Amino acid sequence: MYEDSWYNYIPEFQTQQPQQHRRVPSQSYGHRRRSSTLLQQPNGTNAPHDGAEDLEELLEEEDEDSPPEPDLPRRALSFSDFHDIVRAGSVSDGLKKQNKTRPDRNLEAVALPEPEDAFDGTDALLDTSQDDLLDAGQQEYTLYGEQLAVTERHLDTLIEDTNNALQLLASLSESFRGVEEQTTSFQAQCEDLLSEQSRLQKLADDVGTDLHYYAYIDSVSRRLNAPGAGRLVEDESFGEILQNLDSCIAFMEKNPSYRDSESYLARYQSLLTKSLHLLEVGLQARLDKVSTDISKQIIATKSESARHALAYGRFEEMMLEDTFFLIPNVQKVIHHAYDQSGNALSGTNSEIYSNTANNIFQAYIAARDRDLRPIIQHDLDTFKREVKEASVETATRNFVKQSFERSYNEAMLFAKIFAVEPHYSTDPNSAFVTLKSHQRVMVNATNVVPIANSLQSALQAVELQTICNILGWITNEYLISDYEEEESAFSRHCQELAARLLAEHLWVFTDTAFEAEIGKSISKVTVLPDALNIGPVVDGVASSNAYPPVKRALELLVMFDQSMPKERCQRNSPVVFKIVKETIQVLQRAEARIKTTKTGTDSDLFMIKNLLILKNELLSLEIGDVRNQDPGMQYFSHIWNNLTPQNLVGYVSSFIPSAASFLSRGFTVGPTSVQAPPAAAVDNQDASEQLDDLLRQAIGAFTLRWAGSLGDAGARKTGGKNLDKLERDLEEMLQTAFSNQPEVIAKLKEAIQLHIQAQKK
């Protein structure tokens with residue numbers, strides 16, 4: 001690819017290259033003198049050339065063995081950096097020495113060789129090669145030796161610096177220990193000073209805070225006594241004044257040992273009372289202004305919808321708008337006395353706030369009563385007209401619905417203005433009792449007296465059945481909730497009103513009406529002698545042949561059950577007690593009359609018949625659970641459960657479920673089977689217990705008497721005819737009294753047979 005001259009050139013370059021880069025500083029002075037002879041002239045003369053001689057002299061002036069020029073090496077940053085610095089220094093020294101030999105080679109190149117020196121070329125070449133070989137063999141070791149020397153010096157320096165640093169650290173440690181010992185006491189003193197500073201700072205803060213409670217009285221007194229202080233109640237700062245006064249009063253009560261604390265407490269309470277009085281005056285002025293405007297407009301209009309819009313919508317708008325912070329400040333005061341449900345709160349100034357809230361409520365109710373009086377009077381006139389023209393029940397239903405709706409509207413308006421919804425409570429300090437004490441003609445959430453008075457005046461002359469129908473409608477309409485529909489706020493409000501209307505007014509009114517009817521139709525009723533006979537059962541109704549007062553007692557029990565909730569009829573009802581009590585007394589008088597007149601009626605069977613009807617009616621109604629079908633005498637069959645000669649005493653116990661002691665008081669088999677309780681005990685015992693005692697006595701007397709008669713007739717020689725006659729008479733008597741209850745007849749006959757067997761034993 002290339003010419004041969006190119007390949008031949010490379011060996012020549014390779015052979016000459018070591019010569020060009022030979023180490024000049026390692027040559028001796030004699031060798032340099034021999035090399036200088038090559039510059040002699042070819043004529044063999046020894047006269048030196050001026051230029052060449054001068055260059056030689058210049059070169060000879062420089063000593064090859066002289067030490068290198070001083071140089072400041074770079075300080076090593078680490079041990080690895082140290083080797084890099086030594087290697088760089090060695091290379092730089094070699095370059096410097098090489099640069100120093102280059103002038104000789106340049107001069108040798110320009111110097112003309114002498115003819116007589118041609119024979120010395122071989123010797124010079126040998127000497128040069130020996131020197132080069134020696135230098136090449138020693139160069140690596142020389143460089144490594146120099147590096148080791150430098151490293152040794154550097155390590156010695158490091159060791160010396162380390163020893164010095166250790167000595168310095170030891171001296172510093174000793175100094176620090178001395179300083180620490182000296183500053184321990186100083187530190188303790190500083191900590192004591194800092195603690196004292198903190199204590200003084202806290203004491204200063206406490207003193208400043210305490211002084212604030214004393215200094216605030218001047219500023220608040222100026223504000224509350226300044227002209228135009230009444231306008232403060234419409235400003236947001238009025239709430240802050242009340243809050244600060246509460247804090248100051250609480251502080252004075254908490255620290256009675258402070259100087260003049262009692263005096264400042266009295267002054268702060270006086271300022272609080274004054275500020276609350278300003279709020280009352282501001283609200284009263286606002287109510288008067290709104291009431292005057294609303295009343296005139298209500299009187300001027302005849303439309304019911306327009307009156308309703310004025311009484312509630314317009315009134316609310318005028319009270320809540322354009323009053324700035326008057327209503328929010330009133331709400332803050334109310335919330336200091338009551339919670340959102342109207343329960344009384346206990347606190348430092350709760351009594352003062354409660355009095356203010358009471359005055360505010362009274363002013364508000366008076367204003368509302370004044371505004372709504374034309375509407376209320378119109379509703380009363382409409383109700384009275386409907387009572388006369390239409391039915392009482394229809395008029396009553398419309399009036400109750402209208403009154404409940406107005407009460408709900410008043411409750412919602414009251415809640416929006418005062419942010420309180422008073423619920424029923426018996427606590428004398430609650431908002432409910434406070435509002436209830438302000439009785440007006442206006443109906444609201446706490447006042448149902450106007451509704452009760454209107455209803456009672458309309459129901460005075462109506463029949464008892466109409467009263468029961470109205471009470472039953474109110475109970476079913478409002479007290480019995482429909483679980484399929486979601487209960488709304490209006491339904492809850494109506495339920496509470498209905499419960500209070502019934503419990504506080506209408507139930508008492510109805511009880512009085514029932515007592516009057518009991519006295520008229522049961523206690524004082526005149527009964528004809530024919531009513532004492534037991535007639536046949538009509539249409540299969542067990543009570544059809546009962547004593548007339550007993551029939552009326554059953555009707556009254558049914559009406560009372562329909563008009564009252566189950567809870568009121570179950571236990572301790574005075575009406576039920578009086579019905580049963582008076583009926584028992586009437587039956588006892590009839591029994592005595594039957595025994596005296598000897599009309600042919602069995603007195604014991606008369607008592608069994610009527611007492612069983614009364615007892616079964618009480619059990620069938622369950623004192624509140626009215627059944628649609630006629631119960632008949634189904635409970636009589638329970639009498640004969642577990643009936644045996646050994647436990648005859650318990651055969652009537654199933655007359656009353658869950659009353660196993662029915663016959664446990666004074667019923668035994670034998671001649672002394674009937675034991676009447678004392679008269680005083682009868683008067684004091686419960687009517688239901690008295691009914692059980694009388695029924696037990698009548699059954700025992702009837703079965704024992706007939707068992708004796710049948711037993712005596714069977715024991716005689718001619719007793720067959722008499723026995724048959726007695727059995728026919730008994731059968732006829734029982735069929736007449738209990739024709740539709742064959743199970744009663746069978747049980748009575750069975751009881752007579754058991755008595756006969758017991759007498760034989």
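This is a predicted model: local features need pLDDT of at least 70, side-chain atom pairs count only at pLDDT 80 or more; totals for chains, interfaces and linings use all residues.
Residues are numbered from 1 along each chain as its sequence is written, and side-chain values use heavy atoms, with hydrogens and water left out.

The protein contains 23 helices and zero strands; helices (H or I, at least four residues) and strands (E, at least two) are DSSP runs numbered from the N terminus. Of its 761 residues, 39% are buried, where buried means under 20% relative accessible area, exposed over 50%, and partly exposed in between (1.4 Å probe, protein chains only). The accessible surface, from the Shrake-Rupley method with a 1.4 Å probe, comes to about 43500 Å², and carbon and sulfur atoms account for 53% of it. Among contacts (heavy atoms within 4.5 Å) between residues at least 6 apart in sequence, 74% join residues at least 24 apart.

A nonpolar core is a set of buried Ala, Val, Leu, Ile, Met, Phe, Trp, Tyr and Cys residues joined through side-chain atoms within 4.5 Å. The largest such core has 85 residues, of which Phe404, Tyr547 and Phe738 touch the most other members. Helix α15 (residues 489-523) gives the most to this core, with eleven residues. The core lies between domain 2 (231-441) and domain 3 (699-760), because both give residues to it; these domain bounds come from an automatic or database domain assignment. Apart from this core lies another, of 62 residues, which includes Met318, Val333, Ile360 and Ala431. Beyond its neighbours within four places in sequence, Tyr547 is in contact with Val527, Ala531, Leu532, Val586, Leu587, Ala590, Phe606 and Asn610.

The structure holds 21 salt bridges, each defined as a side-chain nitrogen of Lys or Arg within 4 Å of a carboxyl oxygen of Asp or Glu. In helix α15, Lys520 and Glu517 are three residues apart, about one helical turn, and their side chains meet in a salt bridge (3.5 Å, N to O). Lys520 is exposed at 58% relative accessibility, whereas Glu517 is buried at 13%. In helix α18 (residues 574-597), Lys595 and Glu591 lie four residues apart, about one turn of the helix, and form a salt bridge at 3.6 Å, N to O. Glu591 is buried, with 17% relative accessibility. An α-helix has 3.6 residues a turn, so residues three or four places apart point the same way.

In helix α21 (residues 687-715), Arg696 and Asp693 are three residues apart. Their salt bridge has its closest N and O atoms 2.7 Å apart, and both residues are buried. Salt bridges that share partners also join Glu517, Lys520, Arg552 and Glu555 into one network.

Helix α6 (residues 237-254) has 18 residues and reaches 26 Å from its first C-alpha to its last, close to the 26 Å expected at 1.5 Å a residue; the expected span is 1.5 Å times one less than the number of residues. Its buried residues include Phe238, Ile241, Leu245, Asp246 and Ile249. In the loop between α6 and α7 (261-300) is Asp260, which has a positive phi of about 55 degrees although it is not a glycine. Asp260 is partly exposed at 47% relative accessible area. Ala419, in the loop between α11 (392-418) and α12 (431-436), is likewise not a glycine and has a positive phi of about 60 degrees. Ala419 is partly exposed, at 24% relative accessibility.
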